[in-house]
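Have the structure open beside you as you read.

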Amino acid sequence: MAKEETAKFVNRNYKRFVGLILSFGRKEKKMTPTLVMLVDDEAPFVETMTKRLAKRELNVIAAFSGQEALEILDYQRDVDVVILDVKMPGMDGIETLKNMKSAYPLIEVVMLTAHATVESAIEGMRFGAFDYLMKPCDMEQLMAKVNEAARKKRDQEEKIREAHVKEILAKRGF
């Protein structure tokens, strides 16, 4: 097929062509369970929640401080959702959230605390938290938030892949 005929074919089938290219990553990603990082300084809480989340077919990584969470994210970049306690010694949840969203803007963060105030909830949302829940929270409510947050992250990743494909096609004259 000559270049002109190829260009006509791609232009006629543009949406199907982009969809086909994007489907490769999408199929693989849907089969992968959501990877959640649980960040809390209370070891018994982390242990219990890790077991409860794993029973619901989530992969869970635990961190016991904000600093540890950031260090883990440096090499574990495929985390989908972080469940983050607000009150922790050292780097608190809000400071950890700021650092996470600065370095890894697509990661969604659900703030979780027993010491919630309206001000801390507003501050967390202002710095990019997906949502804010009180401890102890209903497990089904937490799972709903984690699933919504994971879906949002995957949708954003797909839009980025689509933009890259369109950019490559545009550079090649399609």
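**Notes on strand β3 and its surroundings**

1. Val36 stands opposite Val81 in β3. That pair belongs to the contact between strand β1 (residues 35–39) and β3, which run parallel and are joined by 4 bridges. Pairing here requires at least two DSSP bridges between two strands; helices (H or I, at least four residues) and strands (E, at least two) are DSSP runs, numbered from the N terminus.

2. Before going further, a word on conventions: this is a predicted model, in which local features need pLDDT of at least 70 and side-chain atom pairs count only at pLDDT 80 or more, while totals for chains, interfaces and linings use all residues. Residues are numbered from 1 along each chain as its sequence is written, and side-chain values use heavy atoms, leaving out hydrogens and water.

3. What joins β3 to strand β4 (residues 108–113)? There are 5 bridges, and these two strands run parallel. Val110 in β4 is the bridge partner of Ile83. With helix α5 (residues 93–103) included, β3 and β4 make a right-handed β-α-β unit: with the strands pointing away from the viewer, the path from the first strand over the helix to the second runs clockwise.

4. Is β3 mostly covered or mostly open? Mostly covered: 5 of the 5 residues in 81–85 are buried (under 20% relative accessible area with a 1.4 Å probe, protein chains only; exposed is over 50%, partly exposed in between). Val81, Ile83 and Asp85 point one way, Val82 and Leu84 the other. In a regular strand the side chains alternate between the two faces of the sheet.

5. The largest nonpolar core has 24 residues, and Met37, Val39, Val82 and Met111 touch the most other members. Such a core is a set of buried Ala, Val, Leu, Ile, Met, Phe, Trp, Tyr and Cys residues joined through side-chain atoms within 4.5 Å. β1, β2 (59–63), α4 (66–75), β3, α5 and β4 each supply at least two residues of this core, with the largest share, 4 residues, coming from α4. Apart from this core lies another, of 19 residues, including Leu53 and Leu112.

6. Leaving aside neighbours within four places in sequence, Met111 is in contact (heavy atoms within 4.5 Å) with residues including Leu84, Leu97 and Tyr132.

7. For the overall picture, the chain has 7 helices and 5 strands, running α-α-β-α-β-α-β-α-β-α-β-α from the N terminus on. Of its 174 residues, 40% count as buried.
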